[in-house]
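Colleague: I am new to reading structures, and I would like to learn how one describes their features with care. Could you show me the structure and take me through it step by step?

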Amino acid sequence: MRRVGIIGGGQLGLMLCESLGKLGAHIRVYDPQPNAPARRACHDFECAPFSDLASLTRFVQECDVVTYEFESIDLNALEEASLAKGVHVVPATAVLATTRSRVAEREFIERLGLPCAPFRVAHNSKELKTALDKLGLPLVVKTDRGGYDGKGQWVVRHDDEKKKCEEEASAFFQANPADQKQSLLVERRLELTAELSCIVARRKKQSVCFPIFENEHEQQILALTRLPATLPKQVQNEALAIAQKCAEGFDLEGLLTVEFFFGRLSPEGPEQLLINEFAPRPHNSGHVTRCATNLSQFDALARCLLDLPLPNLHLLPREPDQHFEMINALGKDWEAAGGRNAWREQHCRAANVLEVYDYGKEESRPLRKMGHVLRVMDRNTSS
Ligand code: ADP
Ligand code: MG
């Protein structure tokens with residue numbers, strides 16, 4: 001039985017465990033939290049800090065193949081451990097090295113000649129000031145690494161926000177010595193018409209794509225995913241082609257999510273499709289595939305990890321005017337509903353609900369992802 005290791009045991013790890021379990025894998029999970037969501041769905045659970053390289057090495061070397069849902073891993077340790085024992089890392093560490101750095105992502109996108117918003121990289125306060133002046137407002141400033149759900153970002157629309165950003169960035173540079181190479185990415189803020197994502201699964205140089213997801217964010221956190229997307233087919237096809245080029249550019253094995261912006265760089269400018277960022281793993285928007293496509297994103301990754309062929313991916317049948325929808329539940333949504341159980345009650349009653357998933361996290365925080373709901377919606381009743 002193939003031993004599959006997952007570094008990180010959050011909800012992505014949990015749902016991957018379910019897919020691996022269906023295919024008979026021996027599932028191992030590594031996470032520092034004793035009550036990590038994936039613990040309940042795996043065979044072996046290793047509870048140790050990500051920085052404990054001896055434990056991480058031992059964990060990796062007791063697997064046949066390893067993947068990750070957590071991105072701030074010591075890549076040298078992962079590479080050395082896996083090479084020494086011939087353990088496959090999927091996607092390869094080189095992919096993660098690029099996708100966890102916004103600056104490296106931009107270099108990759110430019111190398112492939114693909115579109116992204118105009119940007120500059122700032123390594124210190126002086127370069128930041130120049131970037132803010134040269135690119136012109138509005139802007140978004142993002143830390144090179146470690147950001148998620150809008151964390152590590154400054155939106156700069158006017159001079160007050162510019163001043164605040166400069167002050168906070170100065171503290172950021174001081175707290176991050178040069179040897180850690182934490183820089184800031186400064187990019188134009190778009191007037192967004194829509195946000196899209198595309199997930200590609202690739203094995204033995206053959207890739208399959210999920211249909212395009214259309215995403216709505218609140219406070220820079222994904223709130224809702226709609227499938228199929230409502231944007232013109234031509235835009236969706238362009239996104240599919242770009243995502244496929246990215247997967248080839250990485251010589252990907254496993255899963256890659258490409259997030260896109262569709263919008264204008266200036267009020268008079270044309271609507272453009274631009275790459276926002278990558279994730280070399282299942283993605284929150286892809287949760288909708290658990291009910292909406294013949295294979296879920298977790299099933300697709302499980303098949304890559306177990307070296308099983310990937311079928312073509314397609315939407316499941318539905319009424320012509322219906323679409324599938326995923327809504328995220330954050331801690332504040334649970335509070336608004338009157339708590340975990342009340343939230344579950346509220347959603348599971350409706351006839352159009354396909355899945356109410358509680359990740360089983362003990363501690364609820366206002367902006368923490370606690371669960372999701374999948375449902376079928378009529379176009380005209382769309383939320
Ligand atoms: P992360 O998902 O890692 O937090 P993103 O770069 O995807 O970081 O930003 C989160 C969200 O913030 C995006 O999905 C989008 O809604 C908004 N955002 C980020 N950058 C821009 C931009 N340049 N223009 C407009 N909106 C942006
Ligand atoms: Mg994002």
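Colleague: Which residues of helix 5 are buried?

Modeller: The buried residues of helix 5 are R102, V103, A104, E105, R106, F108 and I109, where buried means under 20% relative accessible area, exposed means over 50% and partly exposed lies in between, computed with a 1.4 Å probe on protein chains only. Helices (H or I, at least four residues) and strands (E, at least two) are DSSP runs, and they are numbered from the N terminus. Because seven of the 10 residues of helix 5 are buried, this helix is largely enclosed by the rest of the structure. After helix 5 comes G113, which has a positive phi near 70°.

Colleague: What should I keep in mind about the model itself and its numbering?

Modeller: This is a predicted model, in which local features need pLDDT of at least 70 and side-chain atom pairs count only at pLDDT 80 or more, while totals for chains, interfaces and linings use all residues. Residues are numbered from 1 along each chain as its sequence is written, chains are lettered from A and ligands numbered from 1 in the order in which they are written, and side-chain values use heavy atoms, with hydrogens and water left out.

Colleague: How does one describe two helices that pack together?

Modeller: Two packed helices are described by the angle between their axes and by the distance between those axes. The axes are lines fitted to C-alpha atoms, for helices over the stretch in contact, and the angles run from 0 to 180 degrees between N-to-C directions. Here the axes of helix 2 (residues 53-61) and helix 3 (residues 75-85) come within 9 Å and cross at roughly 35°. Helix 2 passes helix 3 in a right-handed crossing, a crossing being right-handed if the near helix is turned clockwise from the far one by less than a right angle, and left-handed if anticlockwise.

Colleague: Which residues make the contact between helix 2 and helix 3?

Modeller: Contact means heavy atoms within 4.5 Å, and on helix 2 it is made by L53, T57, V60 and Q61, which meet A77, L78, A81, S82, A84 and K85 of helix 3. Sorted by class, this contact has six nonpolar, three polar and one charged residues, where Ala, Val, Leu, Ile, Met, Phe, Trp, Tyr, Cys and Pro count as nonpolar, Asp, Glu, Lys and Arg as charged, and the others, Gly among them, as polar.

Colleague: Where do the buried residues of helix 8 lie when one looks down its axis?

Modeller: The buried residues of helix 8 (residues 233-249) are V235, Q236, A239, I242, A243, C246 and A247. Seen down the axis, they fall within an arc of 140°, so they line one face of the helix; the arc is that of the directions from the helix axis to the C-beta atoms. These buried residues pack against helix 5, strand 10 (191-203), strand 14 (254-264) and strand 15 (272-279), whereas K233 and Q234, on the other side of helix 8, are exposed. Q244 is also found in helix 8, and Q244 counts as partly exposed because its relative accessible area is 28%.

Colleague: What is the general rule for phi and for peptide bonds, and which cases here depart from it?

Modeller: Most residues other than glycine have a negative phi, and most peptide bonds are trans. D251 is not a glycine, and yet it has a positive phi of about 45°; D251 is placed in the loop between helix 8 and strand 14 and is partly exposed at 43% relative accessibility. D307, likewise not a glycine, has a positive phi of about 60°, and D307 lies in the loop between helix 10 (297-305) and strand 16 (322-330).

Colleague: Which peptide bonds are cis?

Modeller: Among them is the bond from V90 to P91, which has omega near -15°, and P91 lies in the loop between strand 5 (88-89) and helix 4 (93-99). The bond from L137 to P138 is also cis, with omega near 0°, and P138 lies in the loop between helix 6 (125-135) and strand 7 (139-143).

Colleague: Is A329 buried or exposed?

Modeller: A329, whose place is in strand 16, counts as buried at 1% relative accessibility. Not counting residues up to four places away in sequence, A329 touches W334, W343, R368, K369, M370, G371 and H372.

Terms used
The expected span of a helix is 1.5 Å times one less than its number of residues.
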